Structures are given as structure tokens and as C-alpha cells.
Amino acid sequence: MKKHNQYEKQMLQHLLTQMPTIEDTQSKESLYHSVINRMKEEPLEKKVTWKSSKLFSRPVVMVTSILIFMLISFPLVWQQMSKSDVVQMVRYSSPLLKEEDLIVDSHFQNEVSTDLATLQKQYPIAEQEGTETNERFDKVHASQPSLTTTVREGQQQATVGVPTKEGDAIVPISFVVSNQLATIDEMYHYIAESIETEKLGLGAYLLRDVSFTREEGSNRIVARFPEQFLLPKGVEQEQNLLESLQVMSQTSNVDTIQLQQGDTPGVLFPHKGMVYALDLNRMHKRAYELYQGERFFLVPLPLEEDTTIEEAIDEMYQSYGDSKAPLIPEDVQFSSIQSVNENTLAFTFQAESSITDSFEYIAMIEGIMMTAKSFQYEYVKFYKSPVVTIGPYNMEELIAIPTSINPISVPEMGER
Amino acid sequence: MKAVFQELYEKYHQDVYQFIYFMVKNREQTEDLVQEVYIKIMKSYHNFKGESSEKTWIFSIARHVTIDHFRKQKRKRDKLLEFFDWGDKWESIQDDAPLPDEIAEQKESIQTMYRCLDQCTVDQRSVLILRFIQSMSLKETAEILNMTVSKVKTTQHRGLKVLKRLMEQQQGGESHEEA
């Protein structure tokens, strides 16, 4: 929406660095004595309050817990029973998924496998020389006209998170297959066995030794870490591992990941502590940027929960890191971004916005859609677009937001 | 115990004090919270495994202590507001707090920025203080705040945007008053 003024940003940073030192007025000795005195006092205070409250509250807590448990578990058990009947009827039991069984369904499946030269003509690089973004749209652009796809009826998707080579972000990667070809457990098994992230230009897959099982009839996946699983020591790697799990929220109908090490519930992380489950149901707002490995990927930028959609779109004018590029070029501006209803978000381009039917703008539209998706929108509508079509998208029609991000095809997974 | 205290005091006291002060902006509360930080450090120092640096470990304790303080304050404030129905008056009481001498001696833009920092979220403020007032790296900041580096970057960017808007508003208000 708005252009950024680098000088002002630097000026603000400079002012912050100019803040004076605020010194403590209490002496080292008096501080030490205060600390020691408080350390002596604290356990006593706690003992008194805990005892009295414990004695008073124990029966109340017990009765309340039983009531809450009954209230929660009864409808859940009922729901599970009715769901499991349906699942048993439709679930297809197949042997372990083989490579040739994996089919990636993308808008461009046929085109990708047929003729790259045709694609190069169909989706040429936008000719605006000299910008950093365009320099990055090099060898891989033509073979990769889309960064999203949609899971259709009779299909399912599994999404895993893989860190970038720099380890500064987690890239969600989606696999979409027919329901009849594999169960979700088989897909995860296949992914763990065969994913070759180096060929994708990404860092190592952190969950390679973790097995995933979907609890039948529920929206829960159990992630089983082997007993000897080497947990990362650094905070950043630990966060990347947990974020790789979080990314699985984009898998069809999954809202909880239960963690266990061996057969024991929970995994004890060195920094985060014991984690029993990750609730994926919470709304996570995101904007997106473009990452270049051996191909392009949409990479989420986590946002604070109070971020507005306008602010999220504003984030997409910049990128954070050497291998990343902003998804919205500065010469594309919106005069308004408005909710039409709770499902639809409308964008109106400013008259002078320059857009062409090329990969750069397909990526932009898809990044915008996935950002809107993280704000719970299902459709987008664009007004005053300078072009009628951008890749597969008719800019004059209501566009359904794709379900899957960074779909990956079999050859990219490497030979087994 | 005293030896541990002395060592940590020499290495980190000023920085920890400064961080907490800029978060809570009150000397008495800062002194109280700093004591709490030392208590927590000394109670768990033997458990420190060196999986993060000592510095980021100590700062993450300082951050937790500060956040606990904000939560307690919020609970107290909510109770008071409920009881007395003060409405917006609470905000004006907060805004009118006098500037500390160190800030009052500075140029006006720094004084304005000091006040504007309050309007950022706790996360934004933490990032801005650690990154620019404490000169910490993105990685150190991420470790202390238990965020990813990219989250630190976006929070920093959004924090600076909030400051920019507020500084411009203040400037506009001042020039309007002058006119």
C-alpha cells in the first residue's frame, strides 16, 4: 500500500541507539543483600499460602475436574464413534506407497511434464532489467509456473516443513495424491524415506527419523520420535524443528500433533521444555516472501495476531534475507483492500500499477492469496487489473484461494 | 553464592538493568525486578547447561520476569478499573509520568521516542530495545525472545513502523500547537 522510506527507518534506528544509559542507583552490596534476604523469605511465604489454599481447594478441584472431564469427553466419544464408522467404510487399504504411485496434482501438471520451451514462451520473464528481483527469476522460472495447487475431492495432501539452507525460515512443501493411492501415514513414510532436500536447494529435513500416524477418525497426528533421537541443542534449530511440525497444520484436516518419544508421551526439548502436543487450530497470520533454492518457494513470514490484512500486504513489499525476494514489486500498488464478506477479500489496483502475465506476477498473486488465506479468507477478487489473465488466474473473476502451497512433484523428490 | 553473584553482576548487571528499565520505565519497579532476576538466576545457576550462551540465558530470564510483572500489573489494573470505573483516565496517568533525568537531558526527538516506545507491543518493544539500545544481533535477540530470526525481523520492522507513525503524529501535533 505504501512505499517505504529507508532514510526514515535508519533515522529511527539511529535515535534508538542514541538513548542514554540508565544506571542503577543501588550499590552492588545493597543489591546482593536484598537478593539474599528475599531468597530467605520466599520459600516461607509460599509454604503458608500453598498449604492453606491446597487444603481449601482440593475437594473443589477434584469435583470440578470430574465435571469438566465428563462434559468434554461425552460429546467427543459420541462424535468419535459416529466418525469412525464412516472412516472405516471409505478408507482404502493399500500396500506401502511406491514412488510411481505418487501423483502431484497441480494446475500445471501436464504442462510441466510436457514441454518446457512452450512454457518459456507462455510465461516469459517480465522485462524490467536491473532490479534485484528479476535477476533472481532465472533458470527455474519457466519450469515452475505455479507455487500453489488445490486439493480436490478424492485427494488428500500432506505438508511438511523444511528449513531453508540458511536456517532462517521454514518452507512448507505439499504433496497431493489421490485418496486411493495412499493413506496419509504412507505419504509421510514416503516423504521421510525419500525426500532429498538438497536437490530442492533447501536445508536438511529435520523430521527424517520421526514417524507420523494419523489416529483413525480423528484430526490428530501422532509424531513418534525415536528413543535415541538427537534433539537440536541450539535454540534456533529447536524452533525450526517445532515450526516444521507446525507447518503440518496445512495437511488435510489436522488440528493437533501429539508428540511422543519412543512409547512415552511428550518430548523434552532442551529450551522449550516438555511438549506433549501442538495445537494447530490456532489462527496463525502470515505474509509471504519468495525464496530461491533450486526452485522457487513461497515462504511464510509469521505475523503478530493483531496485524491487519493491509499491514500483512505491506510486509510483502520487502524481503528478509539474501536468498529471498519481495513478492510484490514497488510499482504495484493497491488503492484499497477490503473485505467484501467474511470469505472474500477484494483488492483494487492503482491505475499506474504495472503488471504482466509472467511468473513474477503469478507468484505475487499466489503470495497475496496465501496471505489472505491465513486471515481466513477463501476467495479474492481483483479490480482494475491492467491485464485480464495472469497465469491460470482470470483477474476479472472471483478466484478461489488454493489449498496447498509449494506442491512438489515426484522427480524433484529424487531417485530412490 | 556471592562469587557467582559478583561475576554475573560485573558481566551483565548494567545491560539487564537497562533492558528492564526501558521495558517498565520505573526505577523502583526495575530495582525490584532486577532482584527477582538474580534470585531466579542463583536458584537455577547449577542447572544451566550452557546450551545457550550465558548472556542469552540471563536475558531470557529478565524477559520472563518482566512479562510476569506486566501480567500482574494488568490484573491489578483491570481490578482497579472495574472497581472505580476510571476509563481513559488510566492512560493519561501513565502518559504523564515524569521523564527520568537521563532522558530529560536529551534532545526532544529522543524524549519523544522514549515516550512513543510505550505504544509498541511488548514484543516490538523487546525487539527494539535489544536490537538497537542493547546492540544485540538478530540471532541473540531471537534466542532471548524465543522467536525465529524471521519473526524478529518482522517484529522489528513493524515496531519501527509504529514508532514512525507515532513520531510523525507527535511532530504534527507539536507543529500544530506552535502554529
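What are the elements of chain B, from the N terminus on? They run α-α-α-α-α-α-α-α-α.

1. **Ground rules.** This is a predicted model: local features need pLDDT of at least 70, side-chain atom pairs count only at pLDDT 80 or more, and totals for chains, interfaces and linings use all residues. Residues are numbered from 1 along each chain as its sequence is written, while chains are lettered from A and ligands numbered from 1 in the order in which they are written.

2. **Chain B overall.** Chain B has nine helices and zero strands. Helices (H or I, at least four residues) and strands (E, at least two) are DSSP runs, numbered from the N terminus. Of the 179 residues in chain B, 34% are buried. Buried means 20 or more other C-beta atoms within 10 Å of the residue's own; exposed means 12 or fewer, and partly exposed lies in between, with C-beta atoms placed from the backbone. Take the contacts in chain B between residues at least 6 apart in sequence: 65% join residues at least 24 apart. Two residues are in contact if their C-beta atoms, placed from the backbone, lie within 7 Å.

3. **Val37(B).** This residue sits in helix 2 of chain B. Val37(B) has 25 other C-beta atoms within 10 Å, so it is buried. Leaving aside neighbours within four places in sequence, Val37(B) is in contact with Val16(B), Ile61(B), Ala62(B) and Val65(B). Ser60(B) is 23 residues from Val37(B) in sequence and 9.8 Å away in space, C-alpha to C-alpha.

4. **Helix 7 against helix 8, chain B.** Helix 7 (residues 122-133) and helix 8 (residues 138-145) of chain B pack at about 140°, axes 10 Å apart. That makes helix 7 of chain B oblique to helix 8 of chain B. Axes are lines fitted to C-alpha atoms, for helices over the stretch in contact, and angles run from 0 to 180 degrees between N-to-C directions. Under 35 degrees counts as roughly parallel, over 145 as roughly antiparallel, 65 to 115 as roughly perpendicular and the rest as oblique. Ser126(B), Val127(B), Leu130(B) and Arg131(B) of helix 7 meet Thr141(B), Ile144(B) and Leu145(B) of helix 8. The residues of this contact are four nonpolar, two polar and one charged. Here Ala, Val, Leu, Ile, Met, Phe, Trp, Tyr, Cys and Pro count as nonpolar, Asp, Glu, Lys and Arg as charged, and the others, Gly among them, as polar.

5. **Helix 1 against helix 7, chain B.** The axes of helix 1 and helix 7 of chain B come within 10 Å and cross at roughly 140°. The two helices are therefore oblique to each other. Helix 1 of chain B brings Gln18(B), Phe19(B), Phe22(B) and Met23(B) to the contact; helix 7 of chain B brings Arg125(B), Ser126(B), Ile129(B), Leu130(B) and Ile133(B). By class, that is six nonpolar, two polar and one charged.

6. **Interface with chain A.** In chain B, 39 residues are in contact with 36 residues of chain A. Elements giving two or more residues to the chain B side include helix 1 (2-24), helix 2 (27-44) and helix 7 of chain B. Helix 9 of chain B gives the most, with 10 residues. The chain B side divides into 17 nonpolar, 11 polar and 11 charged residues.

7. **A sheet in chain A.** Four strands of chain A form an open, mixed sheet in the order 14-15-16-19. Strand 14 (334-339) and strand 19 (399-400) of chain A stand at the edges, each with a single partner strand, so one side of each has no neighbour in the sheet. Two strands pair if DSSP finds at least two bridges between them. Strands 14 and 15 (residues 344-349) of chain A pair in the antiparallel sense over five bridges.
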